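Dear colleague,

Please find the structure below, handed over for your use. My notes on its helix packing and nonpolar cores follow.

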Amino acid sequence: MSALTDKVYAVTGGSQGFGFAIAQALVASGAKVGLIARRADRLDKAVAQLGAGKAHSVVADICKGSEVKNAFREIAEHFGRRDGLVNNAGVARPGAIEEIPEEDLRLQFDINVIGLVLCCQAAIPMIKGGANPRIVNIGSASANYREEIRHLGIYAATKAAVDRLTAELRDEVKADGIGVSLVVPGAAMTEFSAGWDDERLRKAVGAWQEQGTHMDTGMEPSDVADAVVYCLGCRPGVGIDELIVRPNKPTPKFQF
């Protein structure tokens, strides 16, 4: 029997990309998942793929505290328990710092930092006192590795904030028996860049290509999901502070 059998985890941004891969891995490990995202159509599709008895979805904006609390409450009531949170929801918008629009600046900090904190605040009272409560925050290699695509400085800054917040939270809730981990993914093929401004993306890729001719590839969203499952499945009293999962196959850089 898996350590995650019948456990219940909320996964933000769980309808696609890393979030959906994480939800799939959790269900495969015997857990149940509550998916939180903003688009009902994508959530419905994700639940259908995962199985209605194993997944439940709630439409919510994680930047709004009241919606977050209601979402966590609904997931707990639906499954009858709550064991942890995977803070996966995140957004990036390319743009040099001197020219990135204010709305894209605020969007990234609102979702990636404030939304993450609001989700932690909602989850902690609900999972405290559980058998093995866990929180996993999803960071990004772009916070520390400059060979990642350029002109994502604002996104990288938000993920650096996630790194520091995770370390602080780990110390704050340790006495309550809650384990807090940071999983740091490198690049993998997902829908993450959908909707990016073409001109700003072109400039970012151009600056990135000037750094060298090769990039690292070979990673799948499932590799990140496996890291999350590992963090959640550690026995009580054991904590994984940080796991960095990066591609490791040199490949010529793509052209835009």
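Within what distance do the axes of helix H4 and helix H5 come, and at roughly what angle do they cross? The axes of H4 (residues 102-127) and H5 (residues 153-173) come within 9 Å and cross at roughly 15°. Axes here are lines fitted to C-alpha atoms, for helices over the stretch in contact, with angles running from 0 to 180 degrees between N-to-C directions. Helices (H or I, at least four residues) and strands (E, at least two) are DSSP runs, numbered from the N terminus.

Please note that this is a predicted model, in which local features need pLDDT of at least 70 and side-chain atom pairs count only at pLDDT 80 or more, while totals for chains, interfaces and linings use all residues. Residues are numbered from 1 along each chain as its sequence is written, and side-chain values use heavy atoms, with hydrogens and water left out.

H4 and H5 are therefore roughly parallel to each other (angles under 35 degrees count as roughly parallel, over 145 as roughly antiparallel, 65 to 115 as roughly perpendicular and the rest as oblique). Contact means heavy atoms within 4.5 Å; on the H4 side the residues that meet H5 include Leu105, Phe109 and Leu116, and on the H5 side those that meet H4 include Ile154, Ala161 and Leu165. The residues of this contact divide into 15 nonpolar, three polar and no charged (Ala, Val, Leu, Ile, Met, Phe, Trp, Tyr, Cys and Pro count as nonpolar, Asp, Glu, Lys and Arg as charged, and the others, Gly among them, as polar).

The axes of H1 and H7 come within 8 Å and cross at roughly 55°. That makes H1 oblique to H7. Among the residues of H1 that meet H7 are Phe18, Ile22 and Leu26.

The largest nonpolar core has 35 residues, and those with the most contacts inside it are Leu26, Val33 and Leu35. Such a core is a set of buried Ala, Val, Leu, Ile, Met, Phe, Trp, Tyr and Cys residues joined through side-chain atoms within 4.5 Å, where buried means under 20% relative accessible area, exposed over 50% and partly exposed in between (1.4 Å probe, protein chains only). Helix H1 (17-28) and helix H7 (221-233) are among the elements that each supply at least two residues of this core; H1 gives the most, with eight residues.

Lastly, arginine 246 is placed in the loop between strand E8 (242-245) and strand E9 (249-252). Arginine 246 is partly exposed, with a relative accessible area of 27%.

Yours sincerely
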